[in-house]
Structures are given as C-alpha cells and as structure tokens.
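Q: Please take a close look at a single part of this structure and describe its surroundings in one connected account.

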Amino acid sequence: MKQAQIQDENAICIVCQEGITNPICPECLAKEIKSWRPGLSKLLAEPSFGYSMDTECMFCGKEMNICAHCYSRDIYDTLVEKEPEIAEEFKELFGLRTEL
C-alpha cells in the first residue's frame with residue numbers, strides 16, 4: 001500500500017481544484033460504503049470524466065482525479081436527500097467534514 005500523500009504537484013481534484021492528499025479512488029470508497037450498507041449500491045455512482053488522470057489510488061492503483069472528500073460529500077448529499085436516517089452515521093463513520 002502506498003503512503004497517503006500527494007504523489008505529484010499535478011494531482012488536483014477536478015471537482016474542488018484542491019490537491020489530492022488522500023488518494024483513495026471513488027471505486028474503493030464505494031466498496032467500503034457497500035460493505036457498511038450493502039443496500040446503498042443503487043445510490044453509488046462511479047464518476048466518469050473525460051479529464052486526464054493525475055494520481056493513483058493507494059489501494060488499487062487505478063488512476064483517479066476526484067478526491068475522497070468530494071466523492072464522500074456527493075454521497076452524503078445524496079443520503080441527506082434519499083436516506084436521511086443514515087446520513088449522519090455516514091458522515092461520522094467516513095470522517096466527512098461538511099462545514100465550510
């Protein structure tokens with residue numbers, strides 16, 4: 001497993017434009033979410049963008065360009081809308097900070 005650190009200066013999230021410092025791809029995050037709540041599979045979209053991939057996931061090695069925070073925030077927002085009873089639990093378990 002690779003160290004959780006930015007791999008190069010070009011590793012920028014295409015959503016928030018911040019450096020990707022915790023390179024865990026959406027697919028690996030989705031696997032963790034599915035193991036927590038298998039019924040959420042239908043809510044988990046796997047982002048697909050036509051941008052260059054600047055860094056690799058520290059778990060699976062796939063190229064990625066969306067940070068873990070942005071993907072997790074998107075899932076949280078979806079849960080608030082569709083499964084509000086588990087949104088706060090998700091936020092706590094996955095260490096999501098939602099304050100701006």
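Is S72 buried or exposed, and which residues does S72 touch beyond its neighbours up to four places away in sequence?

A: In this predicted model, S72 has a relative accessibility of 6% and therefore counts as buried, since the limit for that class is under 20%. The residue belongs to helix α2, which spans residues 68-82. Leaving aside residues up to four places away in sequence, S72 is in contact with L29, F90 and L96.

The helix packing around S72 can be taken one contact at a time. In the contact between α1 and α2, S72 stands with A68, Y71 and I75 on the α2 side, and these residues meet P26, L29, A30 and I33 of α1. Sorted by class, this contact comprises seven nonpolar residues, one polar residue and no charged residues. Helix α1 covers residues 26-36, and its axis lies 10 Å from that of α2, at an angle of about 45 degrees. The two helices are therefore oblique to each other, and their crossing is right-handed.

S72 also takes part in the contact of α2 with α3, a helix formed by residues 84-93. Here the α2 side consists of S72, I75, Y76, L79, V80, E81 and K82, while α3 contributes P84, I86, A87, E88, F90 and K91. The residues of this contact divide into eight nonpolar, one polar and four charged. The axes of α2 and α3 come within 6 Å and cross at roughly 155 degrees; because angles over 145 degrees fall in that class, α2 is roughly antiparallel to α3. The crossing of this pair is left-handed.

Together with W36 and F94, F90 forms one aromatic cluster. The count of aromatic pairs comes to three. Among them is the pair of W36 and F94, whose ring centres are 5.8 Å apart and whose planes make an angle of 70 degrees, an edge-to-face arrangement. W36 lies in α1 and F94 in the segment after α3, so this pair ties together parts that are 58 residues apart in sequence. With a relative accessibility of 24%, F94 counts as partly exposed, whereas S72 counts as buried.

Methods:
Residues are numbered from 1 along each chain as its sequence is written. This is a predicted model: local features need pLDDT of at least 70, side-chain atom pairs count only at pLDDT 80 or more; totals for chains, interfaces and linings use all residues. Side-chain values use heavy atoms; hydrogens and water are left out. Axes are lines fitted to C-alpha atoms, for helices over the stretch in contact, and angles run from 0 to 180 degrees between N-to-C directions. Helices (H or I, at least four residues) and strands (E, at least two) are DSSP runs, numbered from the N terminus. Angles under 35 degrees count as roughly parallel, over 145 as roughly antiparallel, 65 to 115 as roughly perpendicular and the rest as oblique. A crossing is left-handed if the near helix is turned anticlockwise from the far one by less than a right angle, and right-handed if clockwise. Contact means heavy atoms within 4.5 Å. Ala, Val, Leu, Ile, Met, Phe, Trp, Tyr, Cys and Pro count as nonpolar, Asp, Glu, Lys and Arg as charged, and the others, Gly among them, as polar. Rings of Phe, Tyr and Trp (its six-membered ring) pair if their centres lie within 6.5 Å; planes under 30 degrees apart count as stacked, over 60 as edge-to-face and the rest as tilted. Buried means under 20% relative accessible area, exposed over 50%, partly exposed in between (1.4 Å probe, protein chains only).
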